[in-house]
Amino acid sequence: MDRPQPLYGAEALRALDRRTIDALKIPSIALMKRAGRAAFARLLERWPDAGSVQVFCGGGNNGGDGYVIAALAAQKQIPVTVYACVAPEALKGDALRACDYARSEGVRIVTSLEDLDNTGEDTVIVDALLGTGFSGELRGAVAPAVEHINASPGPVLAVDIPSGLSADTGSAGQAVCADVTVTFIGRKLGLYCGRGPALSGEILFESLGAPEQVYTEVTPLAQRFDGASIQRLPARAADAYKNQFGHVLVVGGDSGTGGAALMAAESAARAGAGLVSLATHPQHLVASLTRRPEVMAHPVISGQELEPLLEMPDVIAVGPGLGRAPWGEQLLARAGRAGVPLVLDADALNILAGGRVLAGVRRHDWVLTPHVGEAARLLGCGTGDVLADPRAAAIAIQKKFSGVVVLKGAGTLIAHPSGVDLIKGGNPGMASGGMGDLLTGVIAALIGQHMTPLEAARLAVWLHGEAGDRAAADGQRGLLATDLLPHIRKLVD
């Protein structure tokens, strides 16, 4: 099993740069030239027939990388122009040295967007305006430059990070939307969460020769897991029987929302649970038995009727289609007192946020799975606050409620007592109803198969995203949650 990849913030990245320069015993301009060469090689690899190159350079080291790229393009006799947001005579240090290098190769440098040649689809745009130290709003000449880049018809390569994107949080206002981002030395958390996945395009990593020891001295913000670094379920013995693989009870499905609870139950079964029960509103009983007879459906009209069912399961998933009416509150209150692990989703989280049910409860053995809106309600803040720093929000929820918190998104964050994990997967086609219900069922099924809540959350998020990608192979629009079930079944083995 591979190790997870560390994800860093701006402060840690500065430390990595310093330690790399010291370890390699090279001047900083040499490291800048390595970065420029690596990015230019990727440019040629991706767009070998580039008709021209336009490089947008800021005044810092990121701009210096851009000047190196421009010089290398000129050496290859590719027509190249630099737009300088900061006049060359105002540059200092390595950025000035890189600019002089570009000038020595005959690169044309302009300081007005109007002086740029018209671009076509074969013009590669290089974004080297702002680096990992950026925060706040775009200022000065950078804002119109970003607007110009995003309006250009040609592809965009971002150097280290798209300009306007926060390396620490993945938040962004106005920002470059890149097709490819070539990032150096350390992977940035902001590329993988928040707005990062939408703005970064394909992310390519270049270590620039940084030795392994420099990474042991710097603390990352998170760890990125993928299919190769996540703990999987063991193979089943030839004489296995159903009671070895957990009994999952799904609680939910108020009047009119029975499908959510049934999908959670079915996904638990497809993810390998030995037994699956469903406690739902009586009106959904016939449909549940018709849709999935393997799920043991029970009609319940009150928390009291749920009580006998709580003696059976090894894990309980509460929330899909639960609603926020007294019926849902009663069921959550009773389920919350059961002595088995819990997975809370959807309206179970909204009821929890209201403070009347399970008030003040902290459990090490539950998994909370909020999306951004539910996270905001759990924290008593606005969704904008969560989007501004998803990692901080996930940590805050975990500290408030304990257990494991799965903050869902294009880069899903998993907060736990030892830190934060990130799993990037899935696609925009999964922005449809029922997807979260499936994830709830999968997490519960994996806990029932003797995974810890954290192990189950990691594997379930990866399975869910990978299944979504496979299901979307023929197109993303119109993708339904139940389209993922056959893929979940194959992947979980």
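This note walks through a sheet and some helices of a predicted model.

1. **The sheet as a whole.** Twelve strands, written 12 in the count, form an open sheet. Their order is S8-S1-S10-S19-S18-S17-S16-S15-S14-S11-S12-S13, and the pairing is mixed. Strands of a sheet pair through backbone hydrogen bonds, either parallel or antiparallel.

2. **The edges.** Strand S8 (187–188) and strand S13 (296–299) stand at the edges. Each has a single partner strand, so one side of each is left without a neighbour in the sheet.

3. **Strand S11.** Take residues 247–251, which make up S11. Are they buried or exposed? Five of the five are buried, so S11 is largely enclosed by the rest of the structure. In a regular strand the side chains alternate between the two faces of the sheet. Here His247, Leu249 and Val251 point one way, while Val248 and Val250 point the other way.

4. **Neighbours of S11.** Which strands pair with S11 in the parallel sense? One is S12 (residues 275–280), over five bridges. In that pairing, His247 stands opposite Leu275. Another is S14 (residues 315–318), over four bridges. There, Leu249 stands opposite Ile316.

5. **From S11 to S12 and on to S13.** Helix H8 (residues 258–270) belongs with S11 and S12 to a right-handed β-α-β unit. S12 also runs parallel to S13, joined by four bridges. Ser277 stands opposite Met296 in S13.

6. **A helix on the sheet.** H15 packs on the sheet. The strands that H15 touches are S16 (366–368), S17, S18 (411–416) and S19 (419–424). The direction of H15 makes about 35° with that of S18.

7. **Two packed helices.** Two packed helices are described by the angle between their axes and the distance between the axes. For H12 (residues 347–354) and H13 (residues 372–379), the angle is about 20° and the axes are 8 Å apart. An angle under 35 degrees counts as roughly parallel, so H12 is roughly parallel to H13. Their crossing is left-handed. H12 makes the contact with Leu349, Asn350, Leu352 and Ala353. H13 uses Glu374, Arg377 and Leu378.

8. **The buried part of H13.** Which residues of H13 are buried? They are Gly373, Glu374, Ala375, Ala376 and Leu378. These buried residues pack against H12, helix H14 (383–388), helix H15 (390–401) and strand S17 (404–407). Just after H13 comes Gly380, with a positive phi of about 70°.

Conventions
Residues are numbered from 1 along each chain as its sequence is written. This is a predicted model: local features need pLDDT of at least 70, side-chain atom pairs count only at pLDDT 80 or more; totals for chains, interfaces and linings use all residues. Side-chain values use heavy atoms; hydrogens and water are left out. Buried means under 20% relative accessible area, exposed over 50%, partly exposed in between (1.4 Å probe, protein chains only). Helices (H or I, at least four residues) and strands (E, at least two) are DSSP runs, numbered from the N terminus. Two strands pair if DSSP finds at least two bridges between them. A crossover is right-handed if, with the strands pointing away from the viewer, the path from the first strand over the helix to the second runs clockwise. Axes are lines fitted to C-alpha atoms, for helices over the stretch in contact, and angles run from 0 to 180 degrees between N-to-C directions. Angles under 35 degrees count as roughly parallel, over 145 as roughly antiparallel, 65 to 115 as roughly perpendicular and the rest as oblique. A crossing is left-handed if the near helix is turned anticlockwise from the far one by less than a right angle, and right-handed if clockwise. Contact means heavy atoms within 4.5 Å.
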